[in-house]
Amino acid sequence: MLGGGKADGLSTADGGGSKADGGVGPADGGGGSCAAAEPPLKREAASADGLWSAAEAEEQLRKTPPADSPDGTAEPAAAGDAPPAAGRPKLTLTMVVKNESRRFLRQVLLEHRKYIDEAVIIDDGSTDNTADICREVLHGIPLHLVRNDVSKFHNEAALRMQQWEEVIKTNPEWILSLDADEVFEDRFARDIGLLLQEESCDLFCFRLYDFWDDNHYREDNYWRSHQSYRPFLLRYREEFAYVWNDTPQHCGRLPENIFELPHQLSNLRLKHLGWSKPEYRLDKYLRYMLLDPDGQYGWKEQYQSILDQQPKLVPWVE
């Protein structure tokens with residue numbers, strides 16, 4: 001998110017896609033009774049950039065049958081009042097946040113707490129009550145909150161690697177890496193348990209929809225992130241040698257070699273709210289013009305399209 005200066009996740013390792021996929025940068029980057037989830041899709045072949053195109057994904061849908069801190073100050077993890085959900089592995093949410101109190105943080109954490117077992121959050125130099133909101137909303141869930149006195153966002157790679165190291169300290173099983181303006185559609189809370197119990201898969205990829213207001217997402221030549229699948233949910237394998245992209249901007253929120261692990265597609269959809277208000281779009285535009293004015297790490301034409309007055313918007317249906 002731009003206004004708060006935090007990583008917005010539109011980055012290379014978030015899927016390794018092309019500029020045309022949408023998302024700024026070389027590529028992006030309720031728990032009631034359980035009903036049957038739409039089956040995850042096995043990755044049999046894909047393009048060299050590690051992302052499924054819309055056509056490839058549709059083909060897989062047809063083919064797949066239904067299935068029966070040294071640089072920060074770390075606060076001690078808050079004691080949880082409930083154990084991980086019985087019968088499934090532990091799910092750890094991780095985020096980088098900065099000055100999120102007037103944005104979407106409370107809204108998204110209220111959704112995430114329905115299904116997560118713990119959280120690891122890097123507060124990258126907030127000057128508001130962002131940390132207090134994290135503690136309040138996640139009360140009763142183990143929370144490892146790390147505070148950076150000075151923001152590291154000018155070198156996103158260093159920030160993301162710090163985030164990763166803090167997560168690993170908690171002995172995670174599954175890692176869900178999201179930004180403070182991202183939230184899954186409602187059925188995710190109901191269906192996530194089935195994904196976590198999938199023994200043949202270590203990585204799940206999802207479609208990310210860039211919301212332009214409360215009820216519509218953008219879709220045009222510059223904004224097509226939802227036509228590709230990007231990794232957000234990763235099983236941690238201690239024996240795997242993870243490799244990071246050290247690009248200062250748009251480096252990716254997860255290691256860049258994770259597609260070497262067994263991975264699948266999911267039909268569950270992720271909503272990106274960070275573009276949904278005009279003032280937030282202007283903030284993002286100004287930030288990209290400051291940090292990457294020539295489009296060295298991203299896509300200059302897409303930066304410019306942020307200010308389009310009449311973009312094509314599509315209604316969202318849950």
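**Starting from a helix and working outwards**

A: Let's begin with Gln-163, which you'll find in helix α4, residues 156-168. Keep in mind that this is a predicted model. Gln-163 counts as buried because its relative accessibility is 1%, and the cut-off for buried is under 20%. Leaving aside residues up to four places away in sequence, Gln-163 touches Thr-94, Met-95, Val-96, Ile-122 and Ser-177.

Now step off the helix. The loop between α4 and β6 (174-177) holds Asn-171. Asn-171 isn't a glycine, but its phi is positive, at about 55 degrees. With a relative accessible area of 60%, Asn-171 is exposed. Asn-99 also has a positive phi without being a glycine, near 50 degrees. Look for Asn-99 in the loop between β3 (91-97) and α2 (105-112). Its relative accessible area is 23%, so Asn-99 is partly exposed.

Next, the charged side chains. There are 20 salt bridges in the structure. One of them joins Glu-100 to Arg-103, with 3.8 Å between the closest N and O atoms, and both of these residues are buried. Another pairs Arg-253 with Asp-179, the closest N and O atoms being 3.5 Å apart. That pair links distant parts of the chain, 74 residues apart: Arg-253 is in the loop between β10 and β11, and Asp-179 is in the loop between β6 and β7. Arg-253 has a relative accessible area of 2%, so it is buried. Asp-179 is at 0%, so it counts as buried as well.

Then there's the salt bridge between Glu-185 and Arg-269, where the closest N and O atoms are 2.9 Å apart. Here too the pair links distant parts of the chain: Glu-185 lies in the loop between β7 and α5, Arg-269 lies in strand β11, and they are 84 residues apart. Both Glu-185 and Arg-269 are buried. Salt bridges with shared partners also tie Glu-156, Arg-160, Asp-179, Glu-182 and Arg-253 into one network.

Helix α5 (residues 188-196) is mostly covered, with 7 of its 9 residues buried. They are Phe-188, Ala-189, Asp-191, Ile-192, Gly-193, Leu-195 and Leu-196. What's sitting over them? The cover includes β3, β6, β7 (182-184), β8, β10 and β11 (263-272). Phe-188 also belongs to a cluster of rings, in which ring pairs link it with Tyr-115, Phe-184, Phe-206 and Phe-232.

Rings turn up elsewhere too: the structure holds 21 aromatic pairs. Trp-212 and Trp-223 make one of them, an edge-to-face pair at 5.0 Å centre to centre, with 65 degrees between the planes. Trp-212 is in the loop between β8 (203-210) and β9 (216-218), while Trp-223 is in the loop between β9 and β10 (230-235), so this pair ties together parts that are 11 residues apart in sequence. Trp-212 counts as buried because its relative accessibility is 5%, and Trp-223 counts as buried because its value is 0%.

Tyr-217 and Trp-316 form an aromatic pair as well, edge-to-face at 6.3 Å centre to centre and 85 degrees between the planes. Since Tyr-217 lies in strand β9 and Trp-316 in the segment after β12, the pair ties together parts that are 99 residues apart in sequence. Tyr-217 is buried, at 11% relative accessibility, and so is Trp-316, at 14%.

Charges and rings meet here as well. Arg-218 places its charged end over the ring of Trp-212, 4.8 Å from the ring's centre. Lys-284 lies over the face of Trp-275, at 4.5 Å from the ring centre.

Let's finish on the surface. Leu-282, Leu-286 and Leu-307 form a nonpolar patch there, with about 260 Å² of accessible area together. To find Leu-307, look in the loop between α7 (300-305) and β12 (313-315). Leu-307 has a relative accessible area of 37%, so it is partly exposed.

Key
Residues are numbered from 1 along each chain as its sequence is written. This is a predicted model: local features need pLDDT of at least 70, side-chain atom pairs count only at pLDDT 80 or more; totals for chains, interfaces and linings use all residues. Side-chain values use heavy atoms; hydrogens and water are left out. Patches are made of residues with over 30% relative accessible area and no salt bridge: like charges are joined within 9 Å, nonpolar side chains (Val, Leu, Ile, Met, Phe, Trp, Tyr) within 5 Å. Accessible areas come from the Shrake-Rupley method with a 1.4 Å probe; for residues, only the protein chains shown count as cover. A salt bridge is a side-chain nitrogen of Lys or Arg within 4 Å of a carboxyl oxygen of Asp or Glu. Helices (H or I, at least four residues) and strands (E, at least two) are DSSP runs, numbered from the N terminus. Buried means under 20% relative accessible area, exposed over 50%, partly exposed in between (1.4 Å probe, protein chains only). Rings of Phe, Tyr and Trp (its six-membered ring) pair if their centres lie within 6.5 Å; planes under 30 degrees apart count as stacked, over 60 as edge-to-face and the rest as tilted. A charge sits over a ring if NZ of Lys or CZ of Arg is within 6 Å of the ring centre and within 35 degrees of the ring normal. Contact means heavy atoms within 4.5 Å.
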